[in-house]
Amino acid sequence: MIESERLILRGWREDDLEPFAVMCADPQVMATLGPLMSREETRALIARVETLRAEHGFTFWAMERRADGAFLGWCGVKPGAANTPIEGQIEIGWRIAADHWGQGYAREAAAATLAWVWANLDAPLVAAITTPGNVRSWGLMERLGMVRAPEDDFDHPNLPDDSPLKAHVTYRIRRPG
């Protein structure tokens, strides 16, 4: 579990499914992430990230607000996707429900996650990827001190060639000190 001033990042619980399924079916949230997901697809996604936690000791954790326990989304790290420029690196990511955007939760969660990585993993850097149109995410990457690596921008191999989300930009941050 990772705690920050306002947030807790933790393992997934059964009662996270409903609010996460609502997020994953929200066109605003998913506009730069991929197709809308059904409740069962969302359940399968949670199972995949929980498998990552079991295998690696880290994942995209459920994010809740400390003040009231409200589910806000996810944030965490996972191994970089195969056949991409970040394969073999640690990838940070986040997804927040739209009604919680603009309140600094993603930045707080990502900063706490980076601190956890530097304290717990022997990673020389952390990478992040997103689509060029996901201004909120790459803006956050820059606010976190991540640097664009345009030489490693790529077409995501897990997306169809005609997908408007095929193109991805890559950011990285090196271990401090």
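Buried denotes a relative accessible area under 20%, exposed one over 50%, and partly exposed the range in between (1.4 Å probe, protein chains only). The model is predicted: local features need pLDDT of at least 70, side-chain atom pairs count only at pLDDT 80 or more, and totals for chains, interfaces and linings use all residues. Residues are numbered from 1 along each chain as its sequence is written, and side-chain values use heavy atoms, with hydrogens and water left out.

**Exercise 1. The faces of helix α3**

Determine which residues of α3 are buried and which are exposed on the other side.

Solution. 
1. Helices (H or I, at least four residues) and strands (E, at least two) are DSSP runs, numbered from the N terminus. Helix α3 covers residues 39–56, 18 residues in total.
2. The expected span of a helix is 1.5 Å times one less than its number of residues. For α3 this gives 26 Å, and the distance from its first C-alpha to its last is 26 Å.
3. Thr42, Leu45, Ile46, Val49, Glu50 and Leu52 are the buried residues of α3. They lie on the same side of the helix, because they cover an arc of only 150 degrees around the axis; the arc is that of the directions from the helix axis to the C-beta atoms.
4. Ala54 and Glu55, on the other side of α3, are exposed.
5. The buried residues pack against α1 (17–24), β3 (60–65), β4 (71–79) and β5.
6. After α3 comes Gly57, with a positive phi near 85 degrees.

**Exercise 2. Salt bridges**

State which residue forms a salt bridge with Arg53, and where both partners lie.

Solution. 
1. A salt bridge requires a side-chain nitrogen of Lys or Arg within 4 Å of a carboxyl oxygen of Asp or Glu. By this rule there are 15 salt bridges.
2. Arg53 pairs with Glu50, their closest N and O atoms being 2.7 Å apart.
3. Both residues belong to helix α3 and are 3 residues apart, about one turn of the helix. An α-helix has 3.6 residues a turn, so residues three or four places apart point the same way.
4. Arg53 is partly exposed at 36% relative accessible area, whereas Glu50 is buried at 18%.
5. Another salt bridge joins Asp161 and Lys166 (3.4 Å, N to O). Asp161 is exposed at 71%, but Lys166 is buried at 10%.
6. A network of salt bridges links Arg10, Arg13, Asp15, Asp16 and Glu64.

**Exercise 3. Cysteines**

Solution. 
1. Cys24 is buried, at 0% relative accessibility, and Cys75 is buried, at 0%.

**Exercise 4. The setting of His100**

Locate His100 and decide whether this residue is buried or exposed.

Solution. 
1. His100 lies in the loop between β5 (90–96) and α4 (105–120).
2. Its relative accessible area is 12%, so His100 is buried.
3. Contact means heavy atoms within 4.5 Å. Beyond its neighbours within four places in sequence, His100 contacts Arg65, Phe71, Leu72 and Tyr105.
4. Tyr105 is one of the buried residues of α4.
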